[in-house]
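Here are some notes on the model that you asked me to look over. They are set out as numbered points, to be read beside the sequence and the structure.

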Amino acid sequence: MKNEEKTTIRNRICDLISNRAKSINWITAALVLIAALILGVHLNETREVDYEICGEVDTSIYDEAKKDDGTYRMFSGVVKRGDARYGVKGKYAVVIEGWPNENGECIIRSRVRGKRVAGISKWTFAEGKYNMGCYYLTDVTIPDSVIYIDEGTFHHAVALEKITVDKGNKHYYDIDGILFSTNNQIIAYPMKKAGNEYHIPENITHIAGFAFAGCDNLSGITVPVSVTGIGDYAFWRCYDLTSITIPESVTSIGYGAFSTYNPITIKAPHAPSYYGYTPTENETWVIE
């Protein structure tokens, strides 16, 4: 079937669904709908979605998807493709839900419906009414098209062992299954990655919010002198982490960064107030 004929069929369907057709021949409509199914047209992809991405984006390409007040435009539709569901708006698509395939993997696509998949939203791998996949997801593959990943995107993926980023991605990369950004942040350490100790690379300047959240197998984390900031809930629910040393280079610590829910000793050169931080009841600060 020629592209012109496919386009004509799709246009006829849109007219029928939106009640813009002035006269409807129901026999013709039935034939058109059957043809649409053969072409793989999914009518439910046109429904409106009340969804918005949170967070800050520094890249100009994604700024085009912002409204004047700095928030992101609502998506005009949802598309289910493979291991994920995508919100579509304008030139872009954003992952809003992901689940594991039969191998425990979620492979995110770079384009859906001709739109660039530019971001991954915060609740993509969270438990929900229609998604229990966070309990079985072991691997996530991120394409080169993604330029924004919301903070805390992986902190519900309780079985995650590895994050892989396409080598062509200019904004994110992985080292041994751990997610980093090219602006020197550690973004996410998989909760079920093997090993109980980790040394953050020397070039990292910021530990993102929720970066180590739920990593209850880690008993030791070394923070290098290159780090200047620690994000909100960075070590949330790291139950086995009983002690951590903060280097002189750190100047800010986000809310609930050391909410491990177990006693933890924080060794630091300054008092919590210096970092704009309020300790939780499970923390003991040792100034040295």
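1. Ile287 is partly exposed, with a relative accessible area of 47%; here buried means under 20% relative accessible area, exposed over 50%, and partly exposed in between, with a 1.4 Å probe and protein chains only. This is a predicted model, in which local features need pLDDT of at least 70 and side-chain atom pairs count only at pLDDT 80 or more, while totals for chains, interfaces and linings use all residues. Residues are numbered from 1 along each chain as its sequence is written, and side-chain values use heavy atoms, with hydrogens and water left out.

2. Ile287 belongs to strand β20, residues 283-287 (strands are DSSP runs of E, at least two residues, numbered from the N terminus). Setting aside neighbours within four places in sequence, Ile287 has contacts with Ala268, Pro269, His270 and Ala271, where contact means heavy atoms within 4.5 Å. The C-alpha atoms of Ile287 and Ile266 are 8.4 Å from each other, and the two residues are 21 residues apart along the chain.

3. Val158 sits in the loop between β8 (148-149) and β9 (162-165), and Val158 is partly exposed, at a relative accessible area of 34%.

4. On confidence, the protein has a mean pLDDT of 79, and 71% of its residues reach 70 or more; pLDDT is the predictor's confidence in each residue, from 0 to 100. Over residues 2-10 the pLDDT is below 50, and this stretch has eight contacts in the model beyond near neighbours in sequence. Residues 16-24 also have pLDDT below 50, with six contacts beyond near neighbours in sequence.

Conventions: Helix = DSSP H or I, 4+ residues; strand = E, 2+ residues; numbered from the N terminus.
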